[in-house]
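Colleague: I'm new to this one and would like a close look at a single part of it. Could you pick a spot and walk me through what sits around it?

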Amino acid sequence: MLEATLSVTPGEDALELTLAVENEGEEAVELNFSDAQRAEFVAAEVDSGNEVWRWSEGRMFGQVLGTEVLDPGDRLEYEVEWPDPPSGAYRVRGEVVDDEHRPSAEMVVELD
């Protein structure tokens, strides 16, 4: 069983986002990826639901199949920065983009 958590840390000119995924089950879990991207991060306005930022937008990922195995108790972390986020309230979501499991976590962040 995969458990995902999302943490957001304010930086000087960016928000640092960390998606942590831990295997809390008793068996190994294999994550399979169709390209080099491993995680996606998205921020949307709380009130309207309009997406204001997507980490992968404008990025290119190598078309390389990949796998990562999480044994019981293992943990993976994916870290990105959201540069210069505007003021407002946002629902921020992080998700592992594997083909089967897709563990995710989200939280509301208010920026002044």
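Modeller: Let's start with S56, which sits in the loop between strand 5 (51-54) and strand 6 (66-70). Strands here are DSSP runs of E with at least two residues, numbered from the N terminus. Before we go on, a word on the numbers: residues are counted from 1 along each chain as its sequence is written, and side-chain values use heavy atoms, with hydrogens and water left out. This is a predicted model, so to speak of local features we need pLDDT of at least 70, side-chain atom pairs count only at pLDDT 80 or more, and totals for chains, interfaces and linings use all residues.

Back to S56: its relative accessible area is 13%, so S56 is buried. Buried means under 20% relative accessible area, exposed means over 50%, and partly exposed is in between (1.4 Å probe, protein chains only). If you skip the neighbours within four places in sequence, S56 is in contact with Q37, E40 and F61, where contact means heavy atoms within 4.5 Å.

Now hop over to V42, in strand 4 (residues 39-45). V42 is buried too, at 14% relative accessible area. Again leaving out neighbours within four places, V42 is in contact with E51, W53, R54, R91, V92 and R93.

One last stop is R102, in the loop between strand 8 and strand 9 (104-111). Its phi is near 50°, a positive value in a residue other than glycine. The R102 side chain meets that of E95 in a salt bridge (3.4 Å, N to O). R102 is partly exposed at 37%, whereas E95 is buried at 17%. In total, the structure holds eight salt bridges.

Technical notes. Helix = DSSP H or I, 4+ residues; strand = E, 2+ residues; numbered from the N terminus. Salt bridge = Lys/Arg side-chain N within 4 Å of Asp/Glu carboxyl O.
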